[in-house]
Amino acid sequence: MNHILLLIKDIQLIFMRRRGVKNRVRLLITHLRIKTKQIFSRLFSIKNHEERILGFRLVFPDYDGFAHLWREIFISENYYFESDISNPHIVDVGSNIGMSVCFFKYLYPNSTILAFEPDPVAFGWLKSNIEVNNFKNVAAYNVALGAKDGIVEFYQHPSEAASGLNSTKESGFDGIKPVKIKVVEKKLSSFVDAGVDLLKIDVEGGEYDIFEDLDGQNKFKYFRRVFMEVHQGFGAENDPIPFVLSALERNKFRYAVSQTLAKHRLFVDSPLGPYTFMLDAQKV
Amino acid sequence: MLGQLVNFLEDIRNIFLVWRGTERCLPILFTHLRIKCKQILLRLVHANAESEKFLGIRVSFPNYNHFVGLWREIFVAGNYYFRGDTENPHIVDAGSNIGISICFFKYLYPNATIIGFEPDPISFRYLKTNIEANNFKKVAIHNIALSSKGGIVEFYQHRKGKASPTNSVNPYFAGESALVVRVESGKLSAFIDNNADLLKIDVEGAEYDIFQDLQENNKLRFVKRIFAELHYGRNFMLGDASFLLNVLEKAGFRYAITNTSFASHHLFVTDLRPRIYGLGLDAVRV
């Protein structure tokens, strides 16, 4: 039931897009192909580390993880934006294996992209994907972004390589014991000195440190748009969500909570559970 | 067409997810199917119905689609479902509209004590009729707007569609050609002197005044749980969402954003006009 509903919703999403019949058909065929392949690779535990989509070649550790990112980024278009220039400057924080970089290059082939990924394993795939597709004007850094320069602890999923949960915060691992490693930490503010058309942040809880740094160094003036995931951890304490909102308010962004993964019914029994929501912001 | 199918399947899924394992699951499912069929039939013959009986409750309303919207939000999606510690929880319902929320609370907890507020004189008439028709006990309703000061305030009604849920003291909610009426207002703090198990707030922008009043008079300490619809958007005489969240934090609530109203990423990036956004909040005092 759930799978059918999701598939109908995906198809609805593909047809809601107003960008040409050819494009829609291409997306639909690719999506159906990926869905079929996903089912087969699950049924027969086939290891598949490569896929071609929309003229790109992507490599990844796991087909399920790839199919999930494909849905989020290419079907739901969580990072879609309209720019009046053909070469927007994009800062992509939390690039994982580079699906988002691929989407930005699909949207704006001439865009300039700064990509950050702290996880050494995910970074390896990210680098391969940039090289395989011969992306120009993309710089990738294997660093964690935070409130200071130095070394920081980083938590990896114990069994899933390049997991989307991997983070400098342990709080995202609900009931799983993560593997602890050390990675280089840098401040995003030292990379930003000119206009940025889009700042995308998906860092599983590290967003507060990044915001503190950008706010403290008065760098919000350079950003035109911010798309981010905001995380609330488990427990009675509120994460600094009002701080994120007030930083956007003070810096004259209009914003909207455009998606939330929390459900009222889930909070009836466990009102202190963790959740994530998506925040879109644009300077006015 | 595809959108309607998705909505329908989602409704069915919601009924199972919210009500699974309770004796209410099947009655709600069958009632939903009956209501949807009736809605489609009425639409086909361009007719309207102004009353409905469901789950032993009898309600009247100005328009069948208006009723179905509220039915889906409140009974199907279970937006106000909560688990009380007692059989007779005390519920404060700010923004009762025609009273479907009160019907829901009475359906959930027949012994609940409820105090309801509805500023719109037309909605209030339906609300009163619905409370009386069902012979609900321990329900008090007040035909006032909730504000931070009290006194007479202007209230904006949609020109089309009586008792609209988006009628508001804020002029931006009822559209450009809104009707202005003058209504009595009062402070919610004057009505909260004992523990409230649930405070439900859906007041189209007046939540800033209400929270300010409750904060100034230190009444949030009586409240265990809050379900609130927050609206934000500069240029619309609304405050900042961070202000409301800070009020809740200072009062010792842990909260979660459980609903985004009709916001979506696609709308946000393709339509750059400023607009009012809403978010549904679940808060619990810890």
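How many Å separate the centres of domain 1 of chain B and domain 2 of chain B, taken over C-alpha atoms? The separation is 23 Å. This is a predicted model, in which local features need pLDDT of at least 70 and side-chain atom pairs count only at pLDDT 80 or more, while totals for chains, interfaces and linings use all residues. Residues are numbered from 1 along each chain as its sequence is written, and chains are lettered from A and ligands numbered from 1 in the order in which they are written.

**Domains of chain B**

- Chain B is assigned domain 1 (1-75) and domain 2 (79-285); such bounds come from an automatic or database domain assignment.
- Domain 1 of chain B gives 14 residues to the contact and domain 2 of chain B gives 17 residues, where two residues are in contact if their C-beta atoms, placed from the backbone, lie within 7 Å.
- On the side of domain 1 of chain B that touches domain 2 of chain B, strand E2 (57-60) and helix H3 (64-76) of chain B each give two or more residues. Helices (H or I, at least four residues) and strands (E, at least two) are DSSP runs, numbered from the N terminus.
- H3(B) provides the largest share of that side, five residues.
- By type, that side of domain 1 of chain B holds 10 nonpolar, two polar and two charged residues. Ala, Val, Leu, Ile, Met, Phe, Trp, Tyr, Cys and Pro count as nonpolar, Asp, Glu, Lys and Arg as charged, and the others, Gly among them, as polar.

**Helix H3 of chain B**

- The buried residues of H3(B) are B:His66, B:Phe67, B:Leu70, B:Trp71, B:Phe75 and B:Val76. A residue is buried if 20 or more other C-beta atoms lie within 10 Å of its own, exposed if 12 or fewer, and partly exposed in between, with C-beta atoms placed from the backbone.
- Their cover includes H1, helix H2 (25-44), strand E1 (51-54) and helix H4 (100-108) of chain B.

**Contact between the chains**

- In this interface, 40 residues of chain B are in contact with 36 residues of chain A.
- On the chain B side, helix H1 (2-19), helix H7 (241-250), strand E11 (253-259), helix H8 (265-270) and strand E12 (277-285) each give two or more residues.
- H1(B) gives the largest share of this side, nine residues.
- The side of chain B that touches chain A is made up of 21 nonpolar, 12 polar and seven charged residues.

**Helix H7 of chain B**

- B:Ala241, B:Leu244, B:Leu245 and B:Leu248 are the buried residues of H7(B).
- These buried residues line one face of H7(B), because they fall within an arc of 95° when seen down the helix axis. The arc is that of the directions from the helix axis to the C-beta atoms.
- Helix H7 (241-250) of chain A is part of what covers them, together with helix H6 (207-216), strand E10 (225-232), E11 and E12 of chain B.
- B:Gly252 follows H7(B) and has a positive phi, near 85°.

**Sheet of chain B**

- Seven strands of chain B form an open sheet in the order E5-E4-E3-E9-E10-E12-E11, with mixed pairing. Two strands pair if DSSP finds at least two bridges between them.
- At its edges are strand E5 (139-142) and E11 of chain B, each of which pairs on one side only.
- The twist from one strand to the next averages 20°. Axes are lines fitted to C-alpha atoms, for helices over the stretch in contact, and angles run from 0 to 180 degrees between N-to-C directions.
- Strand E3 (residues 90-94) and strand E9 (residues 198-201) of chain B pair in the parallel sense over four bridges, and B:Val92 stands opposite B:Leu199 in E9(B).
- E3(B) also pairs with E4(B) in the parallel sense, over five bridges; B:His90 has B:Thr113 as its bridge partner in E4(B).
- Four of the five residues of strand E4 (residues 113-117) of chain B are buried.

**Sheet of chain A**

- Chain A has an open sheet of seven strands in the order E5-E4-E3-E9-E10-E12-E11, and the pairing is mixed.
- Strand E5 (138-141) and strand E11 (253-260) of chain A stand at the edges with a single partner strand each, so one side of each has no neighbour in the sheet.
- Helix H4 (residues 99-107) of chain A lies across strand E3 (89-93), E4, E5 and strand E9 (198-201) of chain A, at about 165° to E3(A).
- H7(A) lies across strand E10 (225-232), E11 and strand E12 (275-283) of chain A, at about 165° to E10(A).
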